[in-house]
Amino acid sequence: MKINQLKLQNFRNFDELTLDFKKSVTLILAPNTSGKTNILEAIFYLASGHSFRADVEQELIQKDKNFANLEGKIANQEDRVILRVFLQRGEKTTILGKKKVEVNDVSRRLSSFLGNFQAVLFSPQDLNLVTDSPSKRRKYLDTVLSQTSSAYYRSLSQYQKVITRRNKLLENIREKNLNTEQLFYWNDKLLKLGQLIFYERKDLISFFNQEMKTVGEKFNSQKDNLKLIYYPSLLSSERLRAYQMKEIAAGQSLIGPHRDDFGFFWKDYDLEKYGSRGEQRLVILALKMAELSFIRSKTGEMPVLLLDDIFSELDLENRQKLTFLFGSQQTIITSTEEEVFEILEDLKDIETMRLR
Ligand SMILES: Nc1ncnc2c1ncn2[C@@H]1O[C@H](COP(=O)(O)OP(=O)(O)OP(=O)(O)O)[C@@H](O)[C@H]1O
Ligand SMILES: [Mg+2]
């Protein structure tokens, strides 16, 4: 899978920008604040349907402009697609006015826009995933799964709506002494959607564990060192019954995938508690390799790898390990430093772009 061209209009700091990616490795070299991350953010948007760093998508529209356009020309083994995103400024600063997505000039729902293009993003923030909050780890799983399974994406968005409605109801039961009967309807929905999310997350984590064994071997010739452990917040009718009083008292849904988490382990040590910074970084590197394989296994295509300024964050040893990631897929790398050339000099099919 390859992105051949990216076009931006009024996106972040770019009025107009067209980039043609001709080689399998593209190095984007530019000083700070010139828009390197913005470019990767735009590409990853085409794959994931959202920004990996803006909570309010309005931020993506250039200051003083009313709209932003993103376009990507994608080629895979089977066909070529043109993906477009159109964002319109809203009246309030916190809510986007309109978001439209198109595949080959045809307007689509986000659930069928996703799945046309896959990318793996590796940015400095990812290196904190081990110690970040559970919600960041859940978001990570969701981003991977939404790119490969539209059923997952649909269930997740419905699940989130169900949680909102159910929380409102729980609160009303508490405040207004309403009958609990209405809860059955929402419990049923919660169970169905929650199950699907649980099984897909479980499969993903067990795939990662299989993959990380191989990666562990590659990295330090010891088997079975890296491991993820899934901590699901399980849903069942029994558990929902058992939690009912507590949920009403809290006015909140207390169990289900929105409370899931997972942990990173290295030789049975919980890396969140005991891991050195270097080990925490290493396990994320391994995770990213596993993510590439997962997407390939689901789609039959290698996703595009986006590396945002990652060299500056890694020590020499981990930099060398990073080169395991190059090779079989299109890779777009950003950096401010000339020294990345030392790592990239052996690569053949490489081009350099300079912004400004
Ligand atoms: N909506 C927007 N309108 C105009 N400019 C914006 C908008 N959002 C972000 N910018 C600007 O885009 C610039 C580039 O940001 P970006 O994070 O892509 O830089 P970078 O090249 O990755 O820098 P660094 O090397 O520091 O990571 C910043 O100066 C920021 O102020
Ligand atoms: Mg940046």
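**Exercise 1: A helix and a sheet**

In this predicted model, helix α1 (residues 36–48) lies across β1, β2, β4, β5 (80–88) and β6 (98–103), and runs at about 115 degrees to β1.

Task: Determine in which order the six strands form the open sheet, and which strands are its edge strands.

Solution. 
1. The order of the strands is β2-β1-β4-β5-β6-β7, with antiparallel pairing.
2. β2 (14–20) and β7 (106–108) each pair on one side only, and these two are the edge strands.
3. Direction ignored, neighbouring strands of this sheet are turned by 20 degrees against each other on average.
4. As one pair of the sheet, β1 (residues 2–11) and β4 (residues 67–75) are joined in the antiparallel sense over seven bridges. Leucine 8 stands opposite leucine 70 in β4.

**Exercise 2: The surroundings of glutamine 252**

Task: Locate glutamine 252, decide whether this residue is buried, partly exposed or exposed, and state which residues it touches.

Solution. 
1. The loop between α6 (237–250) and β10 (261–266) contains glutamine 252.
2. The relative accessible area of glutamine 252 is 38%. Buried means under 20% and exposed means over 50%, so glutamine 252 is partly exposed.
3. Leaving aside residues up to four places away in sequence, glutamine 252 touches Asn167, Leu170, Glu247 and Arg259.
4. With the side chain of arginine 259, the side chain of glutamine 252 makes a polar contact (3.4 Å).
5. Isoleucine 163 is 89 residues apart from glutamine 252 in sequence, yet their C-alpha atoms are 8.4 Å apart in space.

Terms used
Residues numbered from 1 in each chain as written. Chains lettered and ligands numbered in written order. Predicted model: local features only at pLDDT ≥ 70, side-chain atom pairs only at ≥ 80, totals over all residues. Heavy atoms only, no water. Helix = DSSP H or I, 4+ residues; strand = E, 2+ residues; numbered from the N terminus. Buried < 20%, exposed > 50% of the residue type's maximum accessible area, 1.4 Å probe, protein only. Contact = heavy atoms within 4.5 Å. Polar contact = N/O pair within 3.5 Å; in protein donor to acceptor, adjacent residues only side chain to side chain. Pairing = 2+ DSSP bridges. Axes fitted to C-alpha atoms, helices over the stretch in contact; angles between N-to-C directions.
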